[in-house]
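The sequence and the model are shown first.

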Amino acid sequence: LILAVTRAKPLPPAPTPRAALPAAALARLRKGDAAAFEQVYDAYRARVYGFLLRLTRDASLAQDLAQETWLRLAANARTLTPDTELHAWLFKVARNLFVSQRRWAIFRENGLRILHLLPPSAAIPSPLEEAAAGELGLRVERALLGLPLHYREVVLLVAVEGLSSAEVAQLLGVSHAAVRQRLARGRAAVVRSLEEET
Amino acid sequence: VTREELDRALSRLGGVEPSPLVAHQQLAAAKQRLAQARPHVTQLERYEPWLLWSLSGMHLIWLLSRVFFAL
């Protein structure tokens with residue numbers, strides 16, 4: 001394990017959340033180019049993991065789902081269409097994996113909490129705590145994690161990840177109006193939670 | 001908290017880096033899967049050689065039969 005850590009080449013710094021990926025990278029990825037895959041991975045690894053971490057509220061589960069998301073991209077890279085919006089594709093796969101694992105969560109340890117049948121733990125998963133910038137960041141993370149899932153996923157995709165509400169409507173398979181409504185209610189719930197804290 | 005302040009705070013949350021070891025393992029496994037994934041071929045591309053050989057064979061048999069009966 002120690003050897004693997006020391007041999008692992010240092011990761012390049014992740015670009016800013018909304019940094020666009022060069023169009024040529026998608027074309028090369030569709031041909032199965034490993035360097036293009038690495039470029040996509042560097043651009044989106046933190047976003048995909050962060051999204052899953054906030055969705056699952058469980059670091060090890062988020063890691064597993066992120067791994068599966070990247071494997072799905074590798075397996076399907078050659079079948080992507082030239083007009084694929086890669087960020088939306090990745091979030092859709094990640095979210096679908098989360099939804100399907102929830103069906104089996106009841107049989108696993110911690111399943112009730114993942115299914116939201118128990119109140120969420122007050123503790124923020126440690127990777128989120130480390131990444132949060134300042135006191136306000138921590139409070140917003142806490143408020144976000146306390147949101148019901150159908151509001152949380154919309155707030156995450158639109159307000160955190162910067163997808164358009166049309167993209168989110170397509171990704172979730174709901175109407176545009178439903179996305180707007182969930183977003184407004186989610187925002188209001190976060191504000192309420194922040195105000196109750198103070 | 002105003003809506004603008006909240007949106008700013010939410011957009012600042014951003015991504016979360018996985019640990020270097022996890023990232024290294026994820027990337028290695030995904031690149032291995034990428035190398036294993038076969039190129040995507042359409043049904044026509046898949047059966048085209050068979051189709052061409054079958055048509056050529058039938059054409060050859062037809063030509064030979066014509067020659068045979070002409071003799």
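The text below goes from the fold of one chain to its contacts with the other chain.

**Overall fold of chain A**

The model is predicted. Of the 198 residues in chain A, 49% are buried. Among contacts in this chain between residues at least 6 apart in sequence, 62% join residues at least 24 apart.

**Helix H2 and its surroundings**

Helix H2 of chain A covers residues 23-30, and its buried residues are A:Ala25, A:Leu26 and A:Leu29. Seen down the axis of H2(A), these buried residues fall within an arc of 100 degrees, so they line one face of the helix. They pack against three helices of chain A, namely H3, H4 and helix H5 (86-105). Just after H2(A) comes A:Gly32, with a positive phi of about 85 degrees.

A:Ala36 lies in helix H3 of chain A. Is A:Ala36 buried or exposed? A:Ala36 counts as buried, because its relative accessibility is 0% and the cut-off for buried is under 20%. Not counting residues up to four places away in sequence, A:Ala36 touches A:Ala25, A:Arg28 and A:Leu29. A:Ala36 and A:Ala25 are 11 residues apart along the chain, and their C-alpha atoms are separated by 5.3 Å.

**The interface between chain A and chain B**

In the model, 48 residues of chain A are in contact with 30 residues of chain B. The size of an interface is often given as the accessible area lost when the parts come together. For chain A and chain B the buried area is about 3,400 Å², with 70% of it on carbon and sulfur atoms. A:Tyr41, A:Arg78 and A:Arg187 supply 17% of the area that chain A buries against chain B, more than any other three residues.

The table lists values for the two chains together.

| Item, chain A with chain B | Value |
|---|---|
| Buried area | about 3,400 Å² |
| Salt bridges | 3 salt bridges |
| Polar contacts (both residues at pLDDT 80 or more) | 7 residue pairs |

Which elements give two or more residues to the side of chain A that touches chain B? They are helix H1 (2-7), helix H3 (34-56), helix H4 (59-76), helix H7 (126-131), helix H8 (134-145), helix H9 (149-160) and helix H11 (176-197) of chain A. H3(A) gives the most, with 11 residues. By residue type, the side of chain A that touches chain B divides into 31 nonpolar, 6 polar and 11 charged residues.

A salt bridge joins the side chains of A:Arg45 and B:Glu17, at 2.7 Å from N to O.

A:Arg187 is found in helix H11 of chain A. Why does A:Arg187 count as buried? The reason is that its relative accessible area is 13%, and buried means under 20%. Leaving aside neighbours within four places in sequence, A:Arg187 is in contact with A:Val155 of its own chain and with B:Arg3, B:Leu6 and B:Asp7 of chain B. A:Arg187 is also one of the three residues that together supply 17% of the area chain A buries against chain B.

How values were computed: Residues are numbered from 1 along each chain as its sequence is written. Chains are lettered from A and ligands numbered from 1 in the order in which they are written. Side-chain values use heavy atoms; hydrogens and water are left out. Contact means heavy atoms within 4.5 Å. Buried area is the accessible area (1.4 Å probe) that two parts lose on being put together, summed over both. A salt bridge is a side-chain nitrogen of Lys or Arg within 4 Å of a carboxyl oxygen of Asp or Glu. A polar contact is a pair of N or O atoms within 3.5 Å; within protein, one must be able to donate a hydrogen and the other to accept it, and residues adjacent in sequence count only if both atoms are side-chain atoms. Helices (H or I, at least four residues) and strands (E, at least two) are DSSP runs, numbered from the N terminus. Ala, Val, Leu, Ile, Met, Phe, Trp, Tyr, Cys and Pro count as nonpolar, Asp, Glu, Lys and Arg as charged, and the others, Gly among them, as polar. Buried means under 20% relative accessible area, exposed over 50%, partly exposed in between (1.4 Å probe, protein chains only). The arc is that of the directions from the helix axis to the C-beta atoms.
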